[in-house]
Amino acid sequence: MSKTLTFYFPLKVTELDALVTAFQKEFDELINDTFADDELEIIEKKLDALAAVYVGPLLSELSFDDFDAEESSREFFNSCQSSLLLENVPYLETNPFQVSWLQMFLSRVSDFLADKGNLTALLTKEVFLQEISRLKNMDGLIQVEKPKAPPLQHGVKAPVLPIDFLILDVYKELDRIRENGMILVVLEKISEMDKVRRIFVLMKEGKLDAHSLLSLSGLIPKDFDDNLEKLKFMLKKV
């Protein structure tokens, strides 16, 4: 993406400025509450590289016809009163904090148009957020303490049933995906698969045995087995 990103909003400049100011404070507090001091020292360079943020009015000389944009966006653009400029945007593929900043702030704004620079296409909120959803954000950097695995239902610590081995394979894939910061990518892929998503959400929170997973999922045994297999197959492809 470009080193400059501009977003156009129908909000008044004062309204947008208040939103950005409040969010900046909230984001800073989230970083400080999430990461320990020694972790902050490690990620300091990436935080320092976050784009400079400027709120201002829409330039009077700027016209919708200056862009290569869909005609359907003309009316909304003409209603815009304010703009948000992000200058010196870091390479998003290598800065998950900037990705999270964009996702968190822009998700709470009702609507906007995004300009990636050079007066090319104007992207709608849905399209822009979809584009950056493919990138790694800071979720993958947050270390969550994993609960201790309860004993397997049949009372032994080593897997002996086929379902036990399948569950261990899924947890192995989950560990890999968590280390690579791809949890949100998986959630997006399974968003329409209710039974698979139900199992995934349980398993990503901590290691459970087959009996516990089956009970908490609310699925019948056959559905549980089938969708656990689907989950394993999908995780291996991520």
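Mentor: One term before we start. Buried means under 20% relative accessible area, exposed means over 50%, and partly exposed lies in between (1.4 Å probe, protein chains only).

Trainee: How much of the protein chain counts as buried?

Mentor: Of its 238 residues, 37% do. Keep in mind that this is a predicted model: local features need pLDDT of at least 70, side-chain atom pairs count only at pLDDT 80 or more, and totals for chains, interfaces and linings use all residues. Residues are numbered from 1 along each chain as its sequence is written, and side-chain values use heavy atoms, with hydrogens and water left out.

Trainee: And pLDDT is what?

Mentor: The predictor's confidence in each residue, from 0 to 100. The protein chain averages 85, and 89% of the residues score at least 70.

Trainee: Where does pLDDT stay under 50?

Mentor: Over residues 143-157. The model has 21 contacts beyond four places in sequence for that stretch; contact means heavy atoms within 4.5 Å. Where pLDDT is low, the predicted coordinates should not be read in detail.

Trainee: New topic. How many helices and strands are there?

Mentor: Ten helices and five strands. They are DSSP runs numbered from the N terminus: helices are H or I with at least four residues, strands are E with at least two.

Trainee: Which residues of helix H5 are buried?

Mentor: In H5 (residues 125-132), they are Lys125, Phe128, Leu129 and Ile132. Seen down the axis of H5, these fall within an arc of 95°, so they line one face of the helix. That arc is taken from the directions from the helix axis to the C-beta atoms.

Trainee: What covers them?

Mentor: The cover includes strand E1 (4-9), helix H4 (96-107), strand E4 (113-115) and strand E5 (122-124).

Trainee: Which residues touch the most other members in the largest nonpolar core?

Mentor: Phe7, Phe105 and Phe128, out of 31 residues. Such a core is a set of buried Ala, Val, Leu, Ile, Met, Phe, Trp, Tyr and Cys residues joined through side-chain atoms within 4.5 Å. H4 gives the most to this core, with six residues. A second, separate core has 21 residues, including Ile199 and Phe224.

Trainee: Back to H4. Is Gln98 buried or exposed?

Mentor: Gln98, which is found in helix H4, is buried, with a relative accessible area of 2%. Not counting residues up to four places away in sequence, Gln98 touches Leu50, Ala51, Leu86, Val89, Pro90 and Leu92.
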